[in-house]
Amino acid sequence: MYLNWILFGIIAIVSYAVSAMLQSKFKKYSNVPIDRGLTGRDVAEKMLHDNGIYDVKVVSTRGMLTDHYNPGDKTVNLSEGVYSSNSVAAAAVAAHECGHAVQHARAYGPLKMRSSLVPIVSFSSKWVMWVILAGVLLINSFPTLIWVGIGLFALTTIFSVVTLPVEINASSRALTWLNTAGITNVNNHDMAKDALKWAAYTYVVAALGSIATLVYYVTIALSGSRRS
């Protein structure tokens with residue numbers, strides 16, 4: 001049990017460090033303009049059109065690092081600091097989100113799997129903590145309940161793990177296009193790569209944290225069954 005708490009502590013520290021580094025990298029690269037002067041919106045629209053995609057809109061959304069692709073309404077949502085900025089960071093983020101649009105258009109397997117999990121995970125995320133809490137309290141009289149909670153949480157863990165190849169592939173598509181389209185060059189391509197690398201690390205840490213939490217819940221369930 002103590003090992004679990006130590007692991008949680010390590011993951012929490014790593015998560016904080018990665019988040020801080022990500023913000024630092026984006027702040028740094030947000031001050032480096034790309035040579036062609038294209039804004040995040042320009043980059044996104046060009047990447048979409050270069051890939052033969054004309055039914056996806058590029059829109060601005062509030063917040064920082066709130067960028068995402070919505071397959072439901074086919075929109076690439078760029079945060080205000082990305083939408084109108086002509087920086088390396090903005091180009092990298094815009095291209096990454098368009099990478100998801102390309103995945104959608106090409107029926108990329110892991111993205112289809114993640115999308116199919118969204119309604120299930122939305123439901124399980126709403127109830128999982130309540131079910132697990134009740135399962136812990138009733139572990140001696142109704143041990144099955146905690147396993148139901150663990151099953152619900154396992155769905156969120158699967159979602160986190162499936163997200164990894166989706167995000168990594170989107171970044172790979174983005175970096176390849178940025179280079180071949182001449183948006184980045186020998187002087188700043190590594191900056192775009194570095195920014196997306198640290199963004200990917202956040203998903204890795206999230207997946208590891210979810211796996212560790214799942215193992216912790218399983219440990220509780222197993223120890224409870226041995227006592228009963």
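Predicted model: local features only at pLDDT ≥ 70, side-chain atom pairs only at ≥ 80, totals over all residues.
Let me start with a word we'll need: a residue is called buried when its relative accessible area is under 20%, exposed when it is over 50%, and partly exposed in between. Keep that in mind while we look at leucine 65.

Hi everyone, and thanks for coming.

Where does leucine 65 sit? You'll find leucine 65 in the loop between strand E1 and strand E2, which covers 68–70. Its backbone is worth a look too: leucine 65 has a positive phi of about 55°, although it is not a glycine. Now go on to the loop between E2 and E3, where lysine 74 lies. Lysine 74 also has a positive phi, near 55°, and it is a residue other than glycine. Is lysine 74 buried or partly exposed? At 30% relative accessibility, lysine 74 counts as partly exposed.

Let's step back and take in the whole chain. There are seven helices and three strands. If you walk from the N terminus, the elements come in the order α-α-β-β-β-α-α-α-α-α. The C-alpha atoms fill a box of roughly 70 × 35 × 25 Å, taken along the principal axes. The chain has 228 residues, and 45% of them count as buried. Here is another number for you: among contacts between residues at least 6 apart in sequence, 73% join residues at least 24 apart.

Which residues of H2 are buried? They are Gly40, Val43, Ala44, Met47 and Leu48. Looking down the axis of H2, these buried residues fall within an arc of 130°, so they line one face of the helix.

The axes of H2 and H4, which spans residues 88–105, come within 8 Å and cross at roughly 30°. Angles under 35 degrees count as roughly parallel, and H2 and H4 are therefore roughly parallel to each other. Their crossing is right-handed. On the H2 side, the residues that meet H4 are Gly40, Val43, Ala44, Met47 and Leu48. Across from them, H4 brings a group that includes Ala90, Ala91, Ala94, Cys98 and Val102. By class, this contact has eleven nonpolar, two polar and no charged residues.

H4 has a meeting with H6 as well. Here the axes come within 7 Å and cross at roughly 115°, and the crossing is right-handed. Among the H4 residues in this contact are His96, His100 and Gln103, while those from H6 include Glu167, Arg173 and Trp177. The class count is nine nonpolar, six polar and two charged residues.

H6 also meets H5, residues 109–137. The axes of H5 and H6 come within 7 Å and cross at roughly 150°. H5 passes H6 in a left-handed crossing. The residues in this contact divide into 25 nonpolar, six polar and two charged.

What does tyrosine 83 touch, leaving out residues up to four places away in sequence? Its contacts are Thr39, Gly40, Arg41, Val58, Val59, Ser60 and Leu78. Tyrosine 83 and valine 59 are 24 residues apart along the chain, and their C-alpha atoms are separated by 7.8 Å.

The other is threonine 213, found in helix H7, residues 189–227. Threonine 213 has a relative accessible area of 17%, and because buried means under 20%, it counts as buried. Leaving out residues up to four places away in sequence, threonine 213 touches Phe8 and Phe153.

Conventions:
Residues numbered from 1 in each chain as written. Heavy atoms only, no water. Axes fitted to C-alpha atoms, helices over the stretch in contact; angles between N-to-C directions. Helix = DSSP H or I, 4+ residues; strand = E, 2+ residues; numbered from the N terminus. Parallel < 35°, antiparallel > 145°, perpendicular 65-115°, else oblique. Left-handed = near helix turned anticlockwise from the far one by under 90°. Contact = heavy atoms within 4.5 Å. Nonpolar A, V, L, I, M, F, W, Y, C, P; charged D, E, K, R; others polar. Buried < 20%, exposed > 50% of the residue type's maximum accessible area, 1.4 Å probe, protein only. Arc of directions from axis to C-beta.
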